[in-house]
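Colleague: I would like to go through the labels attached to this model and hear what each one rests on. Please set the value against the criterion each time.

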Amino acid sequence: MDEPVLTYNRAVRELRRSEGDVVNRLRSIVRDAEWVEEVLSLMHNEDAKRYPVLANLRCGAWYLRPGLADGAVHFKSTDGHYGTWDFSLSRLNVNLLRSLEEHGAAVVVDATRKGKVYPDSFARTIPLWAAVINRVKGLADGPLRPDEFPLVSNNPSELSQIDAKVAPFVSKALACGVQWGEVHVSKRVAITYVSQHPGHTALRAIGSLSESHHTLILVSACAPTPPQRLSYTYVQGAGDDHQSWSRGLTPPLFWKRVLLDEEQPSPAGGPRTIDLNQPPIDCIAAIDQAVSQEQAEATGGVRHHVERTANPGERRSDDSSTPPESAVEIEGLGDAARLYVCASDRLGSSVPDILFVSCLPGALPDGAAVVFDGELTGERPEGEGGLVCVVRESSKKDFLKAIPHVVGRAVGRLASPADRAAPLLLACDTGAGVSVAAAVAVIAALSPTGWAIPPHAAALPPGTSSFHTKQRLRGILSRISTFVLAASPSRNLLKQLNLYYSPSDQRD
């Protein structure tokens, strides 16, 4: 039997997962993260202020060591690709606007692959976002100025094509349902750049700060040319597309487990087990072990909650009709609904892949229904209490299967006059991903207008409302993001949401 032909794409994937490539990437990330830390320290010392620092998901998160990031934004490079420029309603990044308004400046960190100094998210997506926001808020008008797109200013043809898109994007933003009057931006958003290129220094960025505008400082973490005298092969933009090479390693787990040169080895069994100076095969074994341990801990946490919600004797003692302090209310839904989103660590756990849907009092009431796949299969009839769903980020069906259960619980709680006073709480490990997607599902199901939920609302069957379209669902997400500032459901979750409500409207 002939051996299967190794295609080019498969060969690239296999190469990225090879021991040497993974270690080179991680060492490159550590090197570039140290440079980012030096830049942030220099900016802080020079200006005597500390501006908010945000990672542009997902690549940028690799380059910020613990304690440096104040949050995250989500600007996609694909929205800045030539000919497909877009202003995304599902990625309004209102949290960045509020940081700019509060501090006068903010820093966003990202990286790009070989061949560029800045990613397209920096060169085009963010400048386009800023241009649209400035016009939505009445802080700019007329054609684009070259200084609004510093990295495209030398290409008049492209700048003209982007300019033709701005007015339609402004109209789209104004029509999406967001209450822009509640999003306070008092000064025009201007952009400056910092990179390892000699002409784009941190001191230059500090010099561009002004009282006349808010300054968005975009820091590209990677070196555009390979640094000299390294003992490994430098990979530019090493954190990009990490699903294809990281073997399950994530930025938080990496920085928790990596052994840096200045640190002493941990005792046997300690957390710092990934030594990048080891031979690649040993380093890969340490990575696989760390990922395996993390997954085992998560599974143990899931099992604990399954047992806990099934055991009436383990009821929470802090019963209250008041949501946790960190819970964010999605306002304006009307008197018939009190809907909150929060991170599940405020419920006593931050178990990954879990969506809690519960009505207070009691964040995890007795008799919770449990919907699971795989080895934790244990579906029980939905009775009074909460709902616990496994929604794995990598799965293409978990959230799709959970939506009817989530909506069913919401109908029973939000639409019932007797239960209306009790808030409905949606919680996941971050409070920004699965729980936000679930909130979109609930509002789309119960609101005939795309936002307000009337008394005695009944769930609208998928596809029967004008708001069950891809664009309208994104509009609901946009409005939610003005309350849940870090809202960032993954594309995978949004695809499942679109598939549930509008299976015929799946064009990208």
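Modeller: Two strands pair if DSSP finds at least two bridges between them. The model is a predicted one, and β4 and strand β5 (residues 214-220) are joined by six bridges.

Colleague: What makes β4 and β5 a pair, and which way do they run?

Modeller: The criterion asks for at least two bridges, and six join β4 to β5. They therefore pair, by the definition. The two strands run parallel, and Val189 stands opposite His214 in β5.

Colleague: What is the order of the strands in the sheet, and why are β2 and β4 called edge strands?

Modeller: The sheet is open and has five strands, in the order β2-β1-β3-β5-β4, with parallel pairing. β2 (71-73) and β4 (189-194) each pair on one side only, and that makes them the edge strands. From one strand to the next the twist averages 30 degrees.

Colleague: Which strands does helix α3 touch?

Modeller: Helix α3 (residues 94-103) packs on the sheet and touches β1 (53-56), β2, β3 (105-110), β4 and β5. The direction of α3 makes about 140 degrees with that of β3. Helix α4 (residues 120-136) also packs on the sheet, touching β1, β3, β4 and β5, and its direction makes about 165 degrees with that of β4.

Colleague: Which residues of α3 are buried, and what follows the helix?

Modeller: Val94, Asn95, Leu96, Leu97, Ser99 and Leu100 are the buried residues of α3. Gly104 follows α3, and its phi is positive, near 85 degrees.

Colleague: Why is Arg135 called buried?

Modeller: Arg135 has a relative accessible area of 13%. Buried means under 20%, so Arg135 qualifies. Arg135 is found in helix α4. Leaving out residues up to four places away in sequence, Arg135 touches Ala140, Asp141, Gly142, Pro143, Leu144, Glu148, Val166 and Val170.

Colleague: Why is Arg229 called exposed, and why is Asp241 called partly exposed?

Modeller: Arg229 has a relative accessible area of 81%. The cut-off for exposed is over 50%, so Arg229 is exposed. Asp241 has 30%; buried needs under 20% and exposed over 50%, so Asp241 is partly exposed. Arg229 lies in the loop between β5 and α7 (251-257), and Asp241 lies in the loop between β5 and α7.

Colleague: What is the phi of Arg229 and of Asp241?

Modeller: For Arg229, phi is near 60 degrees, a positive value in a residue other than glycine. For Asp241, phi is near 55 degrees, again positive in a residue other than glycine.

Colleague: Where is the cis peptide bond, and what is its omega?

Modeller: The cis peptide bond joins Leu57 and Arg58, with omega about 0 degrees. Arg58 is found in the loop between β1 and β2.

Colleague: How do you know that Ser195 is buried, and what makes its approach to Tyr118 a polar contact?

Modeller: Ser195 has 4% relative accessibility, and since the cut-off is under 20%, Ser195 counts as buried. The limit for a polar contact is 3.5 Å, and the side chains of Ser195 and Tyr118 make one at 3.2 Å. The side chain of Ser195 also reaches the backbone nitrogen of His197 at 3.0 Å. Ser195 sits in the loop between β4 and α6 (202-207). Beyond its neighbours within four places in sequence, Ser195 is in contact with residues including Trp35, Val117, His200 and Ser220.

Colleague: How many residues has the largest nonpolar core, and which element supplies the largest share?

Modeller: The largest nonpolar core has 48 residues, and Val109 is among those with the most contacts inside it. The largest share, 11 residues, comes from α2. A second, separate core of 45 residues includes Val391, Val406, Leu424 and Ala457.

How values were computed:
Residues are numbered from 1 along each chain as its sequence is written. This is a predicted model: local features need pLDDT of at least 70, side-chain atom pairs count only at pLDDT 80 or more; totals for chains, interfaces and linings use all residues. Side-chain values use heavy atoms; hydrogens and water are left out. Helices (H or I, at least four residues) and strands (E, at least two) are DSSP runs, numbered from the N terminus. Axes are lines fitted to C-alpha atoms, for helices over the stretch in contact, and angles run from 0 to 180 degrees between N-to-C directions. Contact means heavy atoms within 4.5 Å. Buried means under 20% relative accessible area, exposed over 50%, partly exposed in between (1.4 Å probe, protein chains only). A polar contact is a pair of N or O atoms within 3.5 Å; within protein, one must be able to donate a hydrogen and the other to accept it, and residues adjacent in sequence count only if both atoms are side-chain atoms. A nonpolar core is a set of buried Ala, Val, Leu, Ile, Met, Phe, Trp, Tyr and Cys residues joined through side-chain atoms within 4.5 Å.
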